[in-house]
Amino acid sequence: MIRTLTLALALLCLPVALYAQDLQSLLQTHQKIVEKPSRKTVGPVIEALGASGLPEVPVFLERWQDKALYVRKDDGIFFYAAKSAEGRDLIDISTGEIVATGVDAGTLKQIKPNGGVRKVIGEALVQFLLSDPDIERRRNAVDAIARNLSPNQIAPLVASIEGEPDAALLQRKRRLAGYLTARFGDTTEARVDAIEFL
């Protein structure tokens with residue numbers, strides 16, 4: 001009995017992310033922040049999503065950023081929702097399958113992250129898109145970095161270079177990484193090396 005109790009207490013002390021088995025479970029551990037995110041509070045959710053290794057995270061980030069995420073008011077479960085003639089169709093966030101049709105819109109709350117939160121989500125999303133199997137998505141990610149130059153994009157961009165199979169996109173990634181490092185590098189030496197590379 002004491003061993004069982006000790007084991008249960010030990011499991012309770014583990015970080016939730018270690019035993020969160022799916023996307024819904026992970027989101028439930030951060031429910032209040034996901035429902036009403038702010039630029040100051042959204043960081044831990046983004047970190048947990050990135051560390052989860054769940055394959056549906058990139059799509060979730062896109063849908064969250066696009067305000068396509070909903071929460072069911074009576075139980076706090078998250079869904080994507082699509083309009084239908086009878087109301088809303090609820091879509092499972094992990095499988096993408098429709099799980100309910102004709103749901104009354106009044107039973108749902110649309111999650112509407114503000115511009116600052118959407119920017120943070122977009123920055124996190126780029127790291128996934130840079131290595132996406134679809135070359136168009138990889139190109140779009142590089143374009144997004146080039147439009148909104150930021151020092152926190154250096155690491156994910158550099159990390160994506162080694163595995164880039166397309167020669168032209170590989171060259172673009174290298175040049176953009178060099179430009180970002182020349183502008184935002186941590187040391188003078190790193191900035192000078194990047195300028196020489198360019």
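Modeller: A residue is buried under 20% relative accessible area, exposed over 50% and partly exposed in between, using a 1.4 Å probe and protein chains only. Here, 36% of the chain's 198 residues count as buried. This is a predicted model, where local features need pLDDT of at least 70, side-chain atom pairs count only at pLDDT 80 or more, and totals for chains, interfaces and linings use all residues. Residues are numbered from 1 along each chain as its sequence is written, and side-chain values use heavy atoms, leaving out hydrogens and water.

Biologist: How many helices and strands does the chain have?

Modeller: Helices (H or I, at least four residues) and strands (E, at least two) are DSSP runs, numbered from the N terminus. This chain has eleven helices and five strands.

Biologist: How do I read an aromatic pair?

Modeller: Two aromatic rings are described by the distance of their centres and the angle of their planes. Rings of Phe, Tyr and Trp (its six-membered ring) pair with centres within 6.5 Å; planes under 30 degrees apart are stacked, over 60 edge-to-face, and the rest tilted. The structure holds one such pair. The ring centres of Phe60 and Trp64 are 5.5 Å apart and the planes meet at 35 degrees, so the pair is tilted.

Biologist: Where do Phe60 and Trp64 lie in helix 6, and is Trp64 buried or exposed?

Modeller: Phe60 and Trp64 are four residues apart in helix 6 (residues 57-65), which means about one helical turn separates them. Trp64 is buried, at 0% relative accessibility, and Phe60 is also buried, at 0%.
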